[in-house]
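Trainee: I am new to this structure. Could you take me through it step by step?

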Amino acid sequence: MDEPSADEARRTNSGGAPSGHAPGRPGDVPHTRVAIVGAGFSGLGTAIRLLAAGRDDFVVLERAEDVGGTWRENDYPGAACDVMSLLYSYSFAPSTEWRRTFGTRSEILEYLRRTTDAFGLRPHIRFGHALERARWDDDRKLWHVTTSRGAWTADVLVLGTGYLSEPAVPDLPGLEGFEGTVVHSSRWDPTLDVRGKRVAVVGTGASAIQIIPSIQPDVASLTVYQRTPAWVAPKPDKAIGPGQLWLRRNVPGYQRFRREFNKRGREIVVGLMARPDLMRKTLQSSALAHLHATVPEGPLRDALTPDYVAGCKRVLFSNTYYQALTSPGVDVVAAGVDSVHGSSVLAGDDVRDVDVLVFATGFRSVERPVARLVEGADGRTLAEHWAGGASAYLGSTVAGFPNLFLVLGPNTALGHSSQTVMIEAQVGYLLSALRCMDDRSVAAFEVRTEVQDRFDAMLRRRFTGTVWEDGGCRSWYADASGRNPSVWPMTTARFARMTKSFVPSDYQLTTVSARARDLVTER
């Protein structure tokens, strides 16, 4: 029998083998060209673009029983987006069904479900498959992926888990013995009834400023524990009127124009974030005016006035937050919670009895728990590689982890625009990498250490003098050492240019020879 050609070696099928290896024997785990972890914006966007490129040999592994990611999990009262709906959606899947300028949680989740069905993704999704382990096999040049309900091998592993997937709950003394109800914003109990209850909200970030106005009219009393106040600007939100709907549905290119206009306009903000002096005069000045117009002069206004530059922490948007805090029965405690005792919450000398304790304390965004489950070429996990600080080339690839691709990896979070813009750029980069694998008979690609280090050094330089380093705050953007592995400190247009095409010289490539089973590494 003739040896398979290089082209034949690259082909895979639903029960077949990885590129360049002998076909699987009966009883082997199924093989796929691309395994995607997560069915949120990142994973679904990757899957759609793969299908559009004629690539249907992939599987999406989702731990839950529905798509949606962050927007499925975060079902707290008032949950909504602070990016314009036309931009907080895929450019290749526009919708004319948005009912407000800024989408609510239910609208966004419905958009993702509708888009999943429209592109025929469900046959590729395996629901109830939580990732338990992913291990790179350097001999066979493939990933062994184990989930709670099965196993696969894959040529390429894509982590579409993002950075807002695992809730952060403070380890407070006495919390386990709390006599009331405890809930985190991202794990909201739909049966929870706060009417007539004494409620305490811990945190004043993005979820808190939505929860507080939503529940305040119904509760008996509301205590807000604030360690650090946020800069809150007005939110220009309104219902989409009939005229606007007609334009979106009947004028070709209108939605695309509006989306592009909003995207480009937001790029101005990242320029302000690079200049704290300009930020103080612009967005910060607007937020301060909003505070002064809403909260009377006095101790509460003082407590709600940040002492850092806007943008150092995430800037928030709300038209109802300050009004809720000035309502009868609402108290702001300018301190973090120290401990819990029975039904009492203690913060310094302040002691309050509460029935419901709400943690609006965000996520373990810097730690990225999924990193503990992924083992690279040397047997160490991604978490171990990142012990000194998370880093990835173009937020996408990591030295020591061949054929691993991260969507919304380190330094891809935005303080000024929509994450969908970053997702689409990264998925385009992935498709370019897959084309390179096909064209050059590549079995494995691994970013060169010096390339990743040079990129990371460039990022560190770009943070110098910005609000993220010189803004005078400590935020979830930074790790324990003060290093920022979260934010992309430049324009999204710059990121799109840098990820426009996969550059082979940035990578160590292992190719398949004409004999198909011989692997040759380009060093």
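Trainee: Is helix α5 largely enclosed by the rest of the structure or left open, and how many of its residues are buried?

Mentor: This is a predicted model, where local features need pLDDT of at least 70, side-chain atom pairs count only at pLDDT 80 or more, and totals for chains, interfaces and linings use all residues. Residues are numbered from 1 along each chain as its sequence is written, and side-chain values use heavy atoms, leaving out hydrogens and water. Buried means under 20% relative accessible area, exposed over 50%, partly exposed in between (1.4 Å probe, protein chains only); helices (H or I, at least four residues) and strands (E, at least two) are DSSP runs, numbered from the N terminus. Helix α5 covers residues 208–215 and is largely enclosed, because the buried count among its eight residues is seven.

Trainee: Which elements are included in what covers the buried residues of α5?

Mentor: The buried residues include Ile209, Ile211 and Pro213. Contact here means heavy atoms within 4.5 Å. The cover includes β3, β10 (198–202), β11 (221–225), β13 (316–317), α11 (321–325) and β18 (356–359).

Trainee: How many salt bridges does a search of the whole structure find?

Mentor: A salt bridge is a side-chain nitrogen of Lys or Arg within 4 Å of a carboxyl oxygen of Asp or Glu. Some link up in a network, with Arg33, Arg55, Asp155 and Asp438 as members. The search of the whole structure finds 26.

Trainee: How many residues apart in sequence are the parts that Arg105 and Asp75 tie together?

Mentor: Their side chains meet in a salt bridge, 3.1 Å from N to O. Arg105 lies in helix α4 (residues 105–118), and Asp75 in the loop between α3 (70–73) and β3 (80–84), so the parts tied together are 30 residues apart.

Trainee: Is Arg195 buried or exposed?

Mentor: Arg195 forms a salt bridge with Asp193, with the closest N and O atoms 2.9 Å apart. Asp193 is partly exposed at 31%. Arg195, at 58% relative accessibility, is exposed.

Trainee: What separates Asp456 and Arg460 in helix α14?

Mentor: Their side chains meet in a salt bridge of 3.2 Å, N to O. An α-helix has 3.6 residues a turn, so residues three or four places apart point the same way. Asp456 and Arg460 are four residues apart in α14 (residues 449–463), a separation of about one helical turn.

Trainee: What is the relative accessibility of Asn403?

Mentor: Asn403 is in the loop between α12 (382–385) and β20 (404–406). Its phi is near 55°, a positive value in a residue other than glycine. Asn403 counts as buried, and its relative accessibility is 0%.
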